[in-house]
Amino acid sequence: MELGIGIGWRPEIAEAVESLPGVDWVEVVAENICPCHLPDSLTRLRSRGVAVVPHGVSLGLGGADRPSERRLTELAERARALGSPLVTEHIAFVRAGGALTASPPLEAGHLLPVPRTREALKVLCENVRVAQDSLPVPLALENIAALISWPGQELTEGQFLAELVERTGVRLLIDVANLHTNLVNHGEDPAAALDELPVEAIAYVHVAGGVERDGVWHDTHAHPVTEPVLNVLRELRSRVSPPGVLLERDDDFPAAAELGGELSAIREALRVGPPRAAVPQAREIRERVASGPGEEDGPARERLGIAQAALLSSLVAGTPAPEGFDHRRLRVQRRALAAKRASIVARIAPELPGILGDGYRPAFLAYARNRPLRSGYRRDALDFAEQLLLAGQPADDKSRRELTLWWEDRIAPRPPRRARRIVRAARAALVRR
């Protein structure tokens, strides 16, 4: 299906997206859409013939566990409600631990890379097949940006993606910004990855901005698209004419004119002439990789689960780093995960930074250092406030009283005994002052 030029629809830029000329389709974060109450803006876009594609972020198809039936059902519901031609997700894991490893369940709150090994590929392929059987439309999977890389990689990114397509028939969503990220962070040549890809499997392409800090590229989706990223898009266009190309922006949204300028730059980058002949090397790579030893699914999942749980525990719970990882990059990833978590909690509970002021961020980062995300961000906001109150914080009476009232107002489902204990501790601290 030819999609054309699109942009990521977000509530903050809904009006701008509707006003931009030449937008053929939009992509929405699937988890942010209620199929029973679609935003008016999306309804208007659909009435104009603009296609809407749901883009999932929470399936975790690269994880050791089989995909959640509930999450797959919800993704399918959104595809039907939006009349979508396909749905997309990521080649990533987002949670670990639990029954498979007999360890506490952990949530990353972010997309983390899958080890590019034959064993991890076997598990991923089975998870993809489960997802494909549960969805009413075709599935396409996105390559992610990675701050860290696994030790003992057996395949390049291009080989890994080529074999995934060969075994499952899944489509690809190629993010050229993520290919650039892996160039800066891991020295992986985007052109080499593109040469190994089955480019005929590309459903569409993502283009997004980022920023480099201390030699590390951060895929922020909050900065303008850079020329190196557009160069990767040109490289891809020289190999294939992609059915669709989409601009992603998730934060620090600019004016409509600036978004329009970035769309124009994307259109210009696609005018590089007809694609050159396909590279025959890709088929040879796929056949060679496919000849790896087979193994039962269960033991492979268990080994992958143990490895992913160890890594995620190091990133979000302060446990020692697994052997073979770059400790500096792990520190960068830990900070990035905590910062993203703090930003999301601030968005869903804006009263907290309002009450705590400049002290919100350092207080939350200190809280998150050894307290993993377990039950979603709303629960996280309550637990953060609870920990502050138990510790006699914040220091000034007015802020503490406001935080106590905020917490009391939202904690009603908790057992009364526990709620009373927290409130008593908060009030006792006020009396002491």
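Where does Asp252 lie? Asp252 sits in the loop between β12 (244-247) and α9 (256-269). Helices here are DSSP runs of H or I with at least four residues, strands are runs of E with at least two, and both are numbered from the N terminus.

Before I go on, some housekeeping. This is a predicted model, in which local features need pLDDT of at least 70 and side-chain atom pairs count only at pLDDT 80 or more, while totals for chains, interfaces and linings use all residues. Residues are numbered from 1 along each chain as its sequence is written, and side-chain values use heavy atoms, with hydrogens and water left out.

Phi of Asp252 is near 50°, a positive value in a residue other than glycine. Most residues other than glycine have a negative phi, and most peptide bonds are trans. Asp252 counts as exposed, at 54% relative accessibility. Buried means under 20% relative accessible area, exposed means over 50%, and partly exposed is in between, using a 1.4 Å probe and protein chains only.

His221 also has a positive phi, near 55°. His221 is in the loop between β11 (216-218) and α8 (227-237), and is buried, with a relative accessible area of 10%. As for peptide bonds, the one joining Gln393 and Pro394 is cis, with omega about -5°. Pro394 belongs to the loop between α15 and α16 (397-410).

Next, the inside. A nonpolar core is a set of buried Ala, Val, Leu, Ile, Met, Phe, Trp, Tyr and Cys residues joined through side-chain atoms within 4.5 Å. The largest one has 76 residues, and Val26 and Leu233 touch the most other members. Helix α4 (residues 118-134) gives this core its largest share, 7 residues. Apart from this core lies another, of 24 residues, including Ala349 and Leu373.

What does Val26 contact, leaving aside its neighbours within four places in sequence? Among its partners are Ile7, Trp9, Leu42, Val53 and Leu246. Contact means heavy atoms within 4.5 Å.

Now the rings. Rings of Phe, Tyr and Trp (its six-membered ring) pair if their centres lie within 6.5 Å; planes under 30 degrees apart count as stacked, over 60 as edge-to-face and the rest as tilted. The whole structure has 8 aromatic pairs. In one of them, Trp25 and Tyr204 have ring centres 4.6 Å apart and planes at 70°, so this pair is edge-to-face. Trp25 is in strand β2 (residues 25-29) and Tyr204 in strand β9 (residues 202-207), so the pair ties together parts 179 residues apart in sequence. Trp25 is buried, at 0% relative accessible area, and Tyr204 is buried at 0% too.

Tyr367 and Phe384 make a tilted pair, 5.4 Å centre to centre with 55° between the planes. Both are buried. Ring pairs link Tyr360, Phe364, Tyr367 and Phe384 into a cluster.

Last, the cysteines. A disulfide is a covalent bond between the sulfur atoms of two cysteines. The criterion used here is a pair of cysteine sulfur atoms within 2.5 Å, and the search of the whole structure finds 0 disulfides. Cys34 is partly exposed, with a relative accessible area of 36%, whereas Cys36 is exposed, at 65%.
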